[in-house]
Amino acid sequence: MERSEVAARASEDSAGTASVPDGVSGLLDGVPQQRGPVPVPVPAALPVAAAAPEARPRIRPWRLFPTPTGTPFTFGYAAVLAVTSLVTEYADPSLVHALLQGSSTDVAHLVRTPVLVLPASALWIAGGIASPYVLGFLLVMTALERRIGGLRAAGVFLLGHVLATLATEVPVGLAVLAGHLPDTSLHRLDYGISFGVAAATGALAGLLPPWLRWPLLGLYGGMLVQDLLAFTDPMTEWGHLMALAIGVATWPVVRRWYRAKPPGAATAA
């Protein structure tokens, strides 16, 4: 009797096991929460690729000089100066003298036609194409235009040219009125790009890193002081120093322009 009961129970257990759905047969009685979702193994985080080293900027010497697309103002202005330099070199001397005299920002012309002579005087290079200010113009104006744009670079150049001219010529006129200078001082030749270049140099220094800024100002300012002490043309040399100071005074403005310049605009070819 006992054997028959054991066999019956075994048959019931086997029948019950066969009727259990798949996935439930392995569950144990009395162990809770066995029918929850099967945990999915989380894969280990993939290793992050090491950042590629930043490419070093390529040295492109031709960017030191103006180009038609990268620095159109400086390039066009340099072309005009090249033409006027050829005129002063090869034209009839009497014609050249008349052109320079008519463009001079002396006191007499500033009183009569200031709007005409102030820009016209910046179309000529004092000393001709061999003047050191030619190289200074090309390097400084190219660098400044690439950083703040053509119109703003032209504004800095014109600001220094006009203010330094007035600052040197107005005292001459006053000295003539006071009798300290002869009347011929009212007609002295005064033209060239040097005041504008000095102002642009001072403005550009404010956009350079300190290791370039202070040597540039020290070397250029020292050269101007030496020329002033030589007393060859004190009014002009004072004008150069004042133009350099005018350029330095524009640092807050040119730095704001530089920060506001669209990305990539200063790196045009």
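# Exercises on helix packing

The crossing of H6 and H8 is left-handed. The model behind these exercises is predicted.

**Exercise 1.** Describe the secondary structure and the burial of the protein as a whole.

Solution. 
Step 1. Count the elements: the protein has 11 helices and 0 strands.
Step 2. Read them from the N terminus on, which gives α-α-α-α-α-α-α-α-α-α-α.
Step 3. Take the burial: of the 269 residues, 36% are buried.
Step 4. Take the contacts with a separation of 6 or more: 75% of them join residues 24 or more positions apart.

**Exercise 2.** Do the analysis for H6 and H7, and state the handedness of the crossing.

Solution. 
Step 1. The axes of H6 and H7 (residues 150-177) come within 7 Å and cross at roughly 130 degrees.
Step 2. Angles over 145 degrees count as roughly antiparallel. H6 and H7 are therefore oblique to each other.
Step 3. H6 passes H7 in a right-handed crossing.
Step 4. In H6 the residues that meet H7 are Phe137, Met141, Leu144, Glu145 and Ile148. Their counterparts in H7 are Gly150, Arg152, Ala153, Val156 and Phe157.

**Exercise 3.** Classify Thr142 as buried or exposed and list its contacts.

Solution. 
Step 1. Locate the residue: Thr142 belongs to helix H6.
Step 2. Its relative accessibility is 0%, so Thr142 counts as buried.
Step 3. Leaving out residues up to four places away in sequence, Thr142 touches Arg63, Leu64, Phe65, Pro66, Thr71, Thr74 and Phe137.

**Exercise 4.** Work out the length of H9 and how its buried residues are arranged around the axis.

Solution. 
Step 1. H9 (residues 210-230) has 21 residues. From first C-alpha to last, H9 reaches 30 Å, close to the 30 Å expected at 1.5 Å a residue.
Step 2. The buried residues of H9 are Arg213, Leu217, Tyr220, Gly221, Leu224 and Leu228.
Step 3. Seen down the axis of H9, these buried residues fall within an arc of 100 degrees, so they line one face of the helix.
Step 4. On the other side of H9, the exposed residues are Trp211, Leu219, Gln226 and Leu229.
Step 5. The cover over the buried residues of H9 includes H6 (132-148), H8 (194-205), H10 (234-249) and H11 (251-260).

**Exercise 5.** Examine the residue that follows H9.

Solution. 
Step 1. H9 is followed by Phe231, which lies in the loop between H9 and H10.
Step 2. The phi of Phe231 is near 60 degrees, a positive value in a residue other than glycine.
Step 3. Phe231 has 61% relative accessibility and therefore counts as exposed.

Definitions and conventions:
Residues are numbered from 1 along each chain as its sequence is written. This is a predicted model: local features need pLDDT of at least 70, side-chain atom pairs count only at pLDDT 80 or more; totals for chains, interfaces and linings use all residues. Side-chain values use heavy atoms; hydrogens and water are left out. Helices (H or I, at least four residues) and strands (E, at least two) are DSSP runs, numbered from the N terminus. The expected span of a helix is 1.5 Å times one less than its number of residues. Buried means under 20% relative accessible area, exposed over 50%, partly exposed in between (1.4 Å probe, protein chains only). The arc is that of the directions from the helix axis to the C-beta atoms. Contact means heavy atoms within 4.5 Å. Axes are lines fitted to C-alpha atoms, for helices over the stretch in contact, and angles run from 0 to 180 degrees between N-to-C directions. Angles under 35 degrees count as roughly parallel, over 145 as roughly antiparallel, 65 to 115 as roughly perpendicular and the rest as oblique. A crossing is left-handed if the near helix is turned anticlockwise from the far one by less than a right angle, and right-handed if clockwise.
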